[in-house]
Amino acid sequence: MNGHRHRTPKICGADIELGNFIVGSEQGGRGAEAASALLAALHDQVGAVSDWRSAATGADGGPRNRRDWRRSHFPSNGACAYIDLEHLELCLPEVGSAWDHVAAWHGMLGQVQRALVAVNAARAPEDRIRVTVNNGDGLGNSWGSHLDFLVTREVFDDAVHRRPHYLGWLAAFQISALVYTGQGRVGSHLDPTVGYQIGQRADFLETMIAPQTTFRRPVVNTRDEALSGRSALGPDGVPLARLHVICFDSALAQVSCLLRVGPMQLALAMLEAGAVNPERCLDDPLGALRRWSHDPTLAAKATTIGGASLSAVDLQRRFFEDATRFVEAGGAEGQVPHAERILAIWGETLDLLARRDWPALASRLDWVLKLTLLERTRRRAGLDDWSSPVLKHLDHLYGELDPETGLFWAIAGQGGLDRVVTEREIEHLTSEPPADTRAYGRAMLLRHVPVDTIDSVDWDSLRFHLRRRHRVERWKLDLGSPLDLTRDSLGGRLTGPIDGDRLEALLLSLGGEPDPWRVSSAGTVAVRVTTGDDPYDGYTTTI
C-alpha cells in the first residue's frame, strides 16, 4: 500500500443542469427563454446576489458568455444558480456529508418547483414552461449532473497524471456504480436494439480521461479549476484540489442521491490511503460501461485486467468489501462523515441488486422505479416495442419537476419511497448553509454585508469596494479552500449587519487584502476590458 501522508475531508459540491423548454411554440424549445424566466423567479424568491462578470452582454443584447450567464448566489444557504447555454444550472452549497447533499438537493428542487409554479401562473396554458430532472432529450443530446470532491493535490495528480492503476481503479469504480447512480433511459442512440438501459449518461462517455465535459466526455474528468485550485491550502498547509465526477446521472430517489456521494467519498479516501487493488481495473472500461448499462437484467459480464468475468454488481461488491475493511481499520475517520451508515445502505442495496429484488429496489433506485412504471404501462397497453412514443414520453415525465405531471413526485407523494432525510432537514438546508464548509461564510457575508459594497461573488473569492473621501478601495477575500470560513472558524463575527465602516476591519480579520492595482482616485471610472467573447478574459483599468 503506497499511501499518501496527507488526507483531507471529502467535501462535496454539485453543479446540476435541468432540461427546460416551452411547449406549443413554432420557435422550438426556447430553452434560453425558459431558463431566464425560471432564474428571475428564483432570484426574487431567495433575494439572490448577482455576479457582474456573468451578466455581461454583447452587442445583440445577449450574454457574452453563454456557458455561465446571470450567476446568482443565494444568501439563504450559500448555493447558486445560473444559465449554462440554454439550461438552468443549480449549484449546491458545498457539504461535508452525503446526507447534507441529499437535503440540499431536494431543497433546491423544491425552490425551483415553487419558481416554476409562479412563472407558469402568469403564462398561457399553451405557453407553459416544462422542466425535467434528467440528462438528455432522447434525441442524442445530453447535459450534465456534475459532482466535485475535495482531495489533496498529491492524490489528484497521482490519479490523473502519474499512476495509471489509480486511474483504472477510479474508472472501474465509477463505471460499475451505475447500478445505483443510473436514472434509466428508454432506448439508445448508439444501438437500436436496446429497449431500456440503466444509465442516461453511459452512451455519452467516449474516452477514459479528458478535461472537457460537453464533447468526447471522459469517464474520469481532469478539469483542474481555481474553485479549489493550485493556490488552495488546507488548514495544515496541504495543497488541495477538486476532482470532477461527470458520469453519474441526475437522481431523484433519496437513496440514489445518497449513493452518488457516500461511496464516492469512501473511494477517494481509499485513494489517498493507497488502498488501491489493481485487480479491480477493467480490461475494456468503456466497453464494460456500454454492456452493463444496456442490460437492466444485470446479467452482463465484463473482464477485469486479471481475467475475472464479473457483472457490475459483482465488481461493486468487491469495492464494497475493500471499503468495509478500510473503514473498520479507521481509514475514513476525519474524512467521510457517517462512513458506517454509508456502508450499511450501500451493502443493503448491493444485496437487493444481487437478488434482483425489484419491488424493494423500486423504493430506493431511480432506474428500477422508472422501469417498474414503464413495464406496468407496457402490460396494460400491450406495447411490445420499446420505441413507442408513449414510453419515451413517460420516460421524460418521470423527471418532470411539476408535481402535477411528474411521475416521481406522484410516487413520492404516496409515501412509497425510502427516505434518508426528513422534510425538516431539507428545509434547514434550504434556509441555512452547511456549517462545516465555506458555504457558511459565503452565505453570511451575502446576508450581512451591504449589497452595494459587493463587486463580485465567486465560489473561491468575494470582491468588495470601500468608499473613501477621495477614492474607492477594492478588496478581495480569498475562499480558495472549501474548509474556510466555517461557522466554528468565524466565531460569531458574522451574526449581524456589517456596515461600511466595519467592513475593512472584518475583511482584515478574515484574511482579506486590498487590490492595490484596483484602487481608483476620485473622478476616475473603473472599466472592465474584455479581450474576447469571454468576460472572464480581460483586465480592469481606469479612465
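A pocket, as I use the word, is an open set of points on a 1 Å grid over the protein atoms alone, with protein on both sides within 12 Å along at least five of seven lines, and its lining residues have an atom within 4 Å of a point.

Basis. I note that this is a predicted model, in which local features need pLDDT of at least 70, side-chain atom pairs count only at pLDDT 80 or more, and totals for chains, interfaces and linings use all residues. Residues are numbered from 1 along each chain as its sequence is written, and side-chain values use heavy atoms, without hydrogens and water.

Pocket. I looked up the second largest pocket and found 41 lining residues, with G136, D137, G138, L139 and H396 nearest its centre. Its volume is about 790 Å³ (the space filled by probe spheres set on the points, which are joined across faces, edges and corners). Helix α12 gives the largest share of this lining, 6 residues. I took helices (H or I, at least four residues) and strands (E, at least two) as DSSP runs, numbered from the N terminus.

Sheet. I traced 7 strands in an open, antiparallel sheet, in the order β3-β4-β5-β6-β1-β8-β13; two strands pair if DSSP finds at least two bridges between them. The edge strands, β3 (49-50) and β13 (240-245), each pair on one side only. Between β5 (residues 80-84) and β6 (residues 87-95) I found 5 bridges in the antiparallel sense. C80 has C91 of β6 as its bridge partner.

Helix on the sheet. I found α6 (residues 254-273) touching β1, β8 and β13, where contact means heavy atoms within 4.5 Å.

Methods. Axes are lines fitted to C-alpha atoms, for helices over the stretch in contact, and angles run from 0 to 180 degrees between N-to-C directions. On a 1 Å grid over the protein atoms alone, a cavity is a set of points where a 1.4 Å probe fits but cannot get out, and a pocket is an open set with protein on both sides within 12 Å along at least five of seven lines; lining residues have an atom within 4 Å of a point.
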